[in-house]
Amino acid sequence: MRVLMGALIFALGLPGWAQQGTETVEALTVTVGANHAPPYRILEGGKATGLYIDIFEEIADRLGWDVNYREAPFRRVLRMVQQGQVDIMLGPLETEDRTRMMEFVAPAFPPERRLFFYMDERHRIDGYSDLYGRAIGVLEGASYFPRFDDDPELLKESAPRYENLMLMMQKGRVDVVIAPELVGLYTVQKLGMDVSVSPFFVPGERSYIAVSKTSPALRYADDIRAALKLIEMEGIHEDLVLKYLENPIK
């Protein structure tokens with residue numbers, strides 16, 4: 001059993017020693033593909049931060065890994081995973097298509113509601129049936145919930161960033177934008193838009209650290225899970241989640 005797994009077992013008995021000796025036998029440099037989606041993944045000015053990245057950095061630190069980030073739109077990141085150009089993706093939901101190209105190793109990130117944002121009161125969504133006949137802004141390549149994703153009768157307009165979608169709504173090109181709660185609220189506040197949130201929403205699912213099936217990092221799936229357990233035991237995971245829930249714009 002690898003060093004990190006042993007450290008976790010030891011930490012369960014002696015929490016004060018939990019951060020000692022957690023590096024994996026083989027130090028790796030991993031490439032993480034990520035789209036700019038504040039406050040989850042913030043990649044600008046040559047810096048990488050945000051809730052998902054901060055959590056992963058804590059995990060990588062315990063594994064002794066060096067991390068490089070490649071910023072690209074969500075759909076392109078999926079393609080880079082498929083082509084073996086990146087090792088890891090932070091925050092995708094597990095779908096049948098995606099399990100063919102990546103291993104969903106650890107549900108490291110909290111579930112979030114899917115909200116429907118609107119500007120014109122006529123486009124308020126009170127139930128699923130209200131979506132029909134409206135132009136709905138969606139992120140390219142994203143999954144939201146199965147009924148919505150697979151519904152051929154819905155009119156969906158895509159864009160590479162949520163900022164684009166909100167501006168499309170402002171210009172009347174879409175009626176409604178669906179977005180995870182934090183990223184949606186962050187985006188409208190950053191843009192200074194007067195946007196309302198519909199009463200109808202969809203409960204969220206936990207999202208994952210996913211590893212390409214062609215990546216050498218996949219050998220360390222158990223270590224990733226063990227490192228996540230350590231930062232949960234230390235209270236670091238909870239502190240990071242609360243930091244971004246309380247201060248989504250910072």
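Predicted model: local features only at pLDDT ≥ 70, side-chain atom pairs only at ≥ 80, totals over all residues.
In general, strands of a sheet pair through backbone hydrogen bonds, either parallel or antiparallel.

Now take the pairings in turn. S1 and S4 run parallel and share 6 bridges. Within that pairing, Thr 31 has Asn 68 in S4 as its bridge partner. S1 also pairs with S5 in the parallel sense, over 2 bridges. S1 itself is mostly covered, with 5 of its 6 residues buried. The pairing of S5 (residues 88-90) with S12 (residues 207-212) is antiparallel and has 3 bridges. Leu 90 stands opposite Ile 209 of S12.

The buried residues of H7 are Ala 221, Asp 223, Ile 224, Ala 226, Ala 227, Leu 228, Leu 230 and Ile 231. An α-helix has 3.6 residues a turn, so residues three or four places apart point the same way. Just after H7, Gly 235 takes a positive phi of about 85 degrees.

Two loop residues come next. Trp 65 sits in the loop between H2 (51-63) and S4 (66-71). Its relative accessible area is 6%, so Trp 65 counts as buried, the cut-off being under 20%. The C-alpha atoms of Trp 65 and Ala 27 are separated by 5.5 Å, although the two residues are 38 residues apart along the chain. Asn 35 lies in the loop between S1 and S2 (42-44). Asn 35 is buried too, with a relative accessible area of 4%. Its side chain makes a polar contact of 2.9 Å with that of Arg 41. Beyond four places in sequence, Asn 35 touches several residues, including Leu 43, Glu 71, Pro 73, Phe 74 and Leu 139.

Finally, the aromatic rings. The count comes to 10 aromatic pairs. One of them joins Phe 104 and Tyr 208 edge-to-face, at 5.5 Å centre to centre and 90 degrees between the planes. Phe 104 lies in S6 and Tyr 208 in S12, so this pair ties together parts that are 104 residues apart in sequence. Both residues, Phe 104 and Tyr 208, are buried. Phe 116 and Phe 200 form a stacked pair, 5.6 Å centre to centre with 25 degrees between the planes. Phe 116 belongs to S7 (residues 114-118) and Phe 200 to S11 (residues 196-202), so parts 84 residues apart in sequence are tied together. Phe 116 is buried, with a relative accessible area of 0%. Phe 200 is buried as well, with a value of 18%. Ring pairs link Phe 116 and Phe 200 into a cluster with Tyr 128, Tyr 132, Tyr 144, Phe 145 and Phe 148.

Notes
Residues numbered from 1 in each chain as written. Heavy atoms only, no water. Buried < 20%, exposed > 50% of the residue type's maximum accessible area, 1.4 Å probe, protein only. Helix = DSSP H or I, 4+ residues; strand = E, 2+ residues; numbered from the N terminus. Pairing = 2+ DSSP bridges. Polar contact = N/O pair within 3.5 Å; in protein donor to acceptor, adjacent residues only side chain to side chain. Contact = heavy atoms within 4.5 Å. Phe/Tyr/Trp six-rings, centres within 6.5 Å; stacked < 30°, edge-to-face > 60°.
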